[in-house]
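Please take a moment to look over the sequence and the model before reading on. The notes below are meant to be read alongside them.

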Amino acid sequence: MDVIISASMLASDLARLSDELERTANAGVEWLHIDVMDGVFVDNITYGNNVVKALRPISGLFFDTHLMVSDPTRLIPRFAEAGSDMLTIHAESGGDTAANLAEIRRLGMRAGLAVKPNTPTESIYRYLPLCDMVLIMTVEPGYGGQSFRTECAEKVRALKERCDRDGIKMQIEVDGGINAETARIAKAAGANVLVAGTYLFRAQDMKIAADALR
Ligand code: DX5
Ligand code: ZN
């Protein structure tokens, strides 16, 4: 599978979002990673479906939406309506994960399932047939600019092995502390979607930085 770069908007200049999205597309980045935090599931608050809706008409980027919320169920239709292409929920959010994943697909989005660093990957194996992507968090969710946790690469490797064994075609995304060096570790373990915030948006030249990740 080709490597896909997903630029985490959290590290962009939020006062100039439309310029930042244009800069991202011009750098050859395919996906925009949109971190939705509710101040409950994680202690930070970011932006929600209304921001996705506002950005949709001005950008052709693939909207990779990462929901860090305690009650995803009632938000799923709002992100579908807003124009998210991928909606990733957390295994730790609870509720009916299988029903949520099925509903995401039913509404025409791709379905993702995320695990925090301390959640064992085996706990989500039963949901794999309902997922288009698994997001292995490589930092504790909540903030950008943290360091990649190397031990999470083992989770990527185990998941990749499991999917290959069962003949499941799965995108595997890593999120947190990705730079040219840690991208190499994540790709070697089997990840094919790399989220990067700080590394891309703080780079002098985003295109050079994105190419370095690939
Ligand atoms: C953290 C978010 C990440 C974050 C990544 O909770 O899920 O997407 O923005 O930022 P960097 O690349 O700076 O670690
Ligand atoms: Zn994220």
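What follows is a short briefing, grouped by topic.

This is a predicted model, in which local features need pLDDT of at least 70 and side-chain atom pairs count only at pLDDT 80 or more, while totals for chains, interfaces and linings use all residues. Residues are numbered from 1 along each chain as its sequence is written, chains are lettered from A and ligands numbered from 1 in the order in which they are written, and side-chain values use heavy atoms, with hydrogens and water left out.

**Overall fold**

- The protein has eight helices and eight strands, where helices (H or I, at least four residues) and strands (E, at least two) are DSSP runs numbered from the N terminus.
- A compact globule of 214 residues would have a radius of gyration near 17 Å, and the 16 Å of the protein agrees with this; the radius is taken over C-alpha atoms, and the globule rule is 2.2 Å times the number of residues to the power 0.38.
- Along its principal axes, the C-alpha trace spans about 40 × 35 × 30 Å.
- Of the 214 residues, 52% count as buried, a word that means under 20% relative accessible area, with exposed being over 50% and partly exposed in between (1.4 Å probe, protein chains only).

**The nonpolar cores**

- In the largest nonpolar core, which has 61 residues, L194 and L200 touch the most other members; such a core is a set of buried Ala, Val, Leu, Ile, Met, Phe, Trp, Tyr and Cys residues joined through side-chain atoms within 4.5 Å.
- Helix 5 (residues 152–166) gives the most to this core, with five residues.
- Apart from this core lies another, of six residues, among them W31, F62, M86 and M133.

**A glycine in a strand**

- G112 lies in strand 5 (residues 110–115), and G112 counts as buried because its relative accessibility is 0%.
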